[in-house]
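Work through the following exercises with the model open beside you, and try each task before reading its solution.

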Amino acid sequence: MESHNFQKRFIESEKFPIDKINEASRIEKTRGGAPPIWDMVFWWTRKPLIGARSVIAGSILPETVDESDFKRLVRLDNSVKGVPHRSNPIQVPSLMNFFRSAKLLDPFGGFGSIPLEAMRLGVGEVVASDLLPTAYVFLKALLEIPKWAKDNNIHDSLVKDVERWGKWIIEELRKDPDIQELYDDAEAYIGSWEVRCPNCGYYTPIIGNWWLAKESGKGGDEEPNEEAEGTKRGDFGRLAWMVPRKVNNKIYIDVIDLNKELNRKKINAKVNFKQGTIEAYGKKFEAPRSNIQAKRKNATCLICNTRIGGDESFYAKQALREWNQNLERYFAGDVTEEQLLNSKARPRIIVKVKKDITFEPVTDEEKLRKALEKLKRIWGDPDVPTEPISEYESRTWWILSYGFDKFFKLFNPRQLLTFVKLVKLVREVGKRVEDEKSKIWGRDKARKYAEAIVTYLSIVLLKHSDYNCISTRWNSGFLIISDGFTMRGMGMMWNWVDNNPFGNLTGSFAKSLDSLLKGLNYLIDAISGSPTEVKVLLDDATKLDKVKEKFDLIVTDPPYRDDVPYTELSDFFYVWLKRTLSDVKEVAGVLMRFPKFYPEAFFDDAGNEIEVQWKRFANEEISESEGRRKYFSGDVGTFDHFKRLLSDSFKTMADRLTEDGVLVTYYAHTTPEAWEALLEAGWLKAGLRIATTYMFSTEFEQRVVTRGKISLDTSLAVVWRKGTSNRALVDKVYVDAVNDCSKKVEAHKSNGMELFISMLSCVFSHFTRYKEIIGVDQKGGQNNKRNETEKKSFITSLVENYIYPATVSTIVKGLASSSGDKKLSPYSEFYLLSKVLIMGKRNNATRRAIDNNTFLIFSIGTRSDRKELMNLHITTKAKDKIVLIEPSNLGVDNNDERTLKAITNVLEDKQLSPSSPNIRSPIDALHLLEYLATKESKESFKKNYEELQSKYKGDVDEAVGLAEILYSVLPDDDIEKYLIEKLLDALDKLPKKGIEKYIS
């Protein structure tokens, strides 16, 4: 047996305050609680800083640390107002040496939350790396540059110069004659695609959403969804919409601002957003409904009122593809401007958004055409991003099929011309700063300083591009622009926003500069006084060729299987970064790009330019992608590819970890397949064991409140350690795990699926402490649609046949401990788990909905057949959801009338007749007994009970046992607890606490 008697860390102890951390994390992920650095530029799956801070501190400090000292250190002790991330960790003298002597690695650096918090804690050495150049540049901006500036005492001048040169860019752009005539006093412009109707031959705007303002009376705290919501009554802060007006076979757009119409600041109205009807103060109004139905592949012409398309060709989509093809041919000189503008589709500006967020119809439609002509004159300029978007449809490039296959096509002509001008100005800043500072500091330091200034100004440009492309939309609820990555990828928007770079709306160049400065000041304050030596590397986590030393701690957030295709999506930023951070020189009369700043990010070892990330790195990213699978050769993009590279990264991380070191990986998938991949990577291939697991809140609060479901609302932080024993028999490990872990159920503070994850973690810790598990049954099963004789892989068999069932047995045994040792069948276990772990909406008529992932996990863990769960009427389908058939609350308080109605509904849904019952399972027996105990007298009930027991003894006895467990664990506001209390009272099995307390 290998030695693994390492000193336990605080994160491995029961003192680790996960509930307090999650409470702070949820606040951090709200609009008012987010760190300013998140407003600098968009990035995917950024973890709350307080979570990263707590994980790092908990993984470094020994378990003997006092819990109050830990909370004080990470700012969870209420010593600061608001969210903890706004203050640096407090200096606890007795703990500081633990951090100064530590070394931390994050090989999937992303946007740098983990290494940033390590620096704030004073970790001695921090190394962050990433495979992708875009993330590499962002990591430089968040970690290395602020630390370098602070260490050289030039942080104040850095902030001032970023602001000075950012404003210089704005003024130079404003003075540019090409730009001057393209913008007026509008804050932004709402645009639309118009399509030439094949029936009448005239152009009709395609409007996905006619609403301009549907702001709630609370000041825009929500955006009503016209597709999902029906009638809404109450006060509205703003109501405004567009209406079409036909004049001589042309559609003009007018604006209806109801606040102005009624001369009121707030409007009390009855609005049906789906139908577009508004009733206010005795008057009726009507907003148009969308004239595009993309799912049905048709649109409606506003000129002749005929349907366009509707067949497989989807005419509107084909029209956009023609526009994009003709646009490229126009710039190449193959078609004329007239031919281009006579394409079946073309962009059009329809409404202005003014400074006070009022709306005006656009009367000047020539600005896009003028920008088009100016672009034609500079075509061939290397600052126009002509690089191809991935030639396959990755899951979040929905816009690709509409012909937007090159990056310049993601911008209308005015937007594109503006960005080309901005690129040149940012590059010019680099030259001017370097020349200016060289006279004072010398060439090397001046160059590094210029690199820093240009890096931050490039990020400003990137944020502006995200808010100023044809995948944006006008958010009529908040009266703001929703950026292009709102849906985590680039989607097709029939209405988009053209954001004035000089304006004051979020995402303009001017406002993006403000956001950048706030983030930069935050970073400088965050690392103020930090003794950390920080290093950012461009490296592959599966190899880490540039990292040779060992680390005490590795904390990282690997890609989540098929969640985000980082390589392809971040190319949207890469193509601009490459331009602003590289140089352009004329060679033989041709302008060409040359290395300048971060050449390793944009040029390979031979000096060749890396055109786009997807061509260079997509086959190396740890991810599953159907698009990649079809495009690349071999197994790229498959689940096997994901597992193989994930295993390689774990083996590499284990090799870089000291013998007593800790590895913590975030993991957001909880399907059996995902656990198989994680176990295969970390345990079988890397030889690590799971010490513990935590469920972290990682997304916005409004997503987290969907309880009883494990999704991307939460991430699992898995704590790994070296040191495994030689081998063990699987049955012995199973029994040991259940016996040990079940003791922790009753004392567990968390509810719902957090309890499941905690017990799963405990079971994992037992199984992964051995190098080899012997005696695993590898036969197939129905849950994975395999034939019983088909042999499953070892790891699949271990997860499905042992780990999940052991977790369920652990929970059932723990829950039953207070009511005696009771044996339950698989279907009773399933019902118990669903009632206890899925936190349903109580006090209303809604039954528990079970998402597909949880349904799969519970069925495997209880060894229940999913089809049989439906056939036995334990679950049912309702509106594409799986629902538990259970008594549901019909009122805030429970009384006999409501209770009887609730259980009667269950019997009806189960097709179970009280007069002549055909009991198919213990769950049938439970519900029938609940009905009889509520409806009949005690004497009559006992007579019926004895008759049922004589005929269905096994099911009835198990139903009573299940009832006793449920009574001990269900919350008081679950109506079934009231029913069970009636049942147990009728059987004289009610615990001494009695029924009076519950009824009162």
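**Exercise 1.** Is Arg 579 buried or exposed? Determine this, and then describe the salt bridge that Arg 579 forms with Glu 387.

*Solution.* The structure is a predicted model, and the first step is to look at accessibility. Buried means under 20% relative accessible area, so Arg 579, with a relative accessible area of 1%, is buried. The next step is to apply the cut-off to its partner: Glu 387 has 4% relative accessibility and therefore counts as buried as well. The side chains of these two residues meet in a salt bridge, at 2.9 Å from N to O. Finally, locate the partners in the chain: Glu 387 lies in the loop between helix H12 and helix H13, whereas Arg 579 belongs to helix H17, and the pair, 192 residues apart, links distant parts of the chain.

**Exercise 2.** Find where Thr 652 lies, and work out what its side chain reaches.

*Solution.* Begin with helix H21, which spans residues 639-655 and contains Thr 652. With 9% relative accessibility, Thr 652 counts as buried. Its side chain reaches the backbone oxygen of Thr 542 at 2.7 Å. Once neighbours within four places in sequence are left aside, Thr 652 is in contact with Ala 541, Thr 542, Lys 543 and Leu 544.

**Exercise 3.** In what order do the strands S28, S29 and S30 form their sheet?

*Solution.* The 3 strands form an open sheet in the order S28-S30-S29, with antiparallel pairing. The edge strands, S28 and S29, each pair on one side only. Helix H27 packs on the sheet and touches S28, S29 and S30, its direction making about 100° with that of S30.

Notes:
Residues numbered from 1 in each chain as written. Predicted model: local features only at pLDDT ≥ 70, side-chain atom pairs only at ≥ 80, totals over all residues. Heavy atoms only, no water. Helix = DSSP H or I, 4+ residues; strand = E, 2+ residues; numbered from the N terminus. Buried < 20%, exposed > 50% of the residue type's maximum accessible area, 1.4 Å probe, protein only. Polar contact = N/O pair within 3.5 Å; in protein donor to acceptor, adjacent residues only side chain to side chain. Contact = heavy atoms within 4.5 Å. Pairing = 2+ DSSP bridges. Axes fitted to C-alpha atoms, helices over the stretch in contact; angles between N-to-C directions. Salt bridge = Lys/Arg side-chain N within 4 Å of Asp/Glu carboxyl O.
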